[in-house]
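Subject: Structure for you to look at

Hello,

Here is the structure I said I would pass on. Please open it alongside this email and follow along.

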Amino acid sequence: MTEALVPQPGRTQVPAGLAAQLQEAVLAVDGVSATYPARPLRQVMAAVTKEPVPHIDVVPSDDGLRVTARIGVAAEHGPDVARSVAGAIRSHLAPQPVQVHVVIVTMAPSGNG
């Protein structure tokens, strides 16, 4: 059963298409090789939906938005890329208050050799 998101007082609303915009911003960050579904696979499998699974999770909170991005990166640049992704998300949403959580799912060696 799917329920509509009911606006709650004091909570920021999530504009339609924001997750897709953020995914584009994340993929544009140098060093990001992929994005992955933002929620763990067991939650995705449990959901009965015909909608595409978002790769960027945007959730309203009492003090702004919470954003989760799961990414793949080159091994030697993982922490720097994760910081850049968080910065790109914050920049895209400025001046909106946002909590950003970036998870590195895969780290692969770069193709230099």
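This is a predicted model: local features need pLDDT of at least 70, side-chain atom pairs count only at pLDDT 80 or more; totals for chains, interfaces and linings use all residues.

The chain as a whole

The chain has 113 residues, and 28% of them are buried. It holds three helices and four strands.

Among the contacts in the chain with a separation of 6 or more, 69% are between residues 24 or more positions apart. The accessible surface of the chain is about 7400 Å². Carbon and sulfur atoms account for 56% of that surface.

Helix 1 and helix 3

Next, find helix 1, residues 18-27, and helix 3, residues 78-93. Their axes are 9 Å apart, and the two helices pack at an angle of about 135°. An angle over 145 degrees would count as roughly antiparallel, and 65 to 115 as roughly perpendicular. Helix 1 and helix 3 are therefore oblique to each other. The crossing of helix 1 past helix 3 is right-handed.

Which residues make the contact? On helix 1 they are Leu-18, Gln-21, Leu-22, Ala-25 and Val-26. On helix 3 they are Val-85, Ala-88, Ile-89, His-92 and Leu-93. By type, eight of the residues in this contact are nonpolar and two are polar, while none is charged.

Regards

Terms used. Residues are numbered from 1 along each chain as its sequence is written. Side-chain values use heavy atoms; hydrogens and water are left out. Axes are lines fitted to C-alpha atoms, for helices over the stretch in contact, and angles run from 0 to 180 degrees between N-to-C directions. Angles under 35 degrees count as roughly parallel, over 145 as roughly antiparallel, 65 to 115 as roughly perpendicular and the rest as oblique. A crossing is left-handed if the near helix is turned anticlockwise from the far one by less than a right angle, and right-handed if clockwise. Contact means heavy atoms within 4.5 Å. Ala, Val, Leu, Ile, Met, Phe, Trp, Tyr, Cys and Pro count as nonpolar, Asp, Glu, Lys and Arg as charged, and the others, Gly among them, as polar. Buried means under 20% relative accessible area, exposed over 50%, partly exposed in between (1.4 Å probe, protein chains only). Accessible areas come from the Shrake-Rupley method with a 1.4 Å probe; for residues, only the protein chains shown count as cover.
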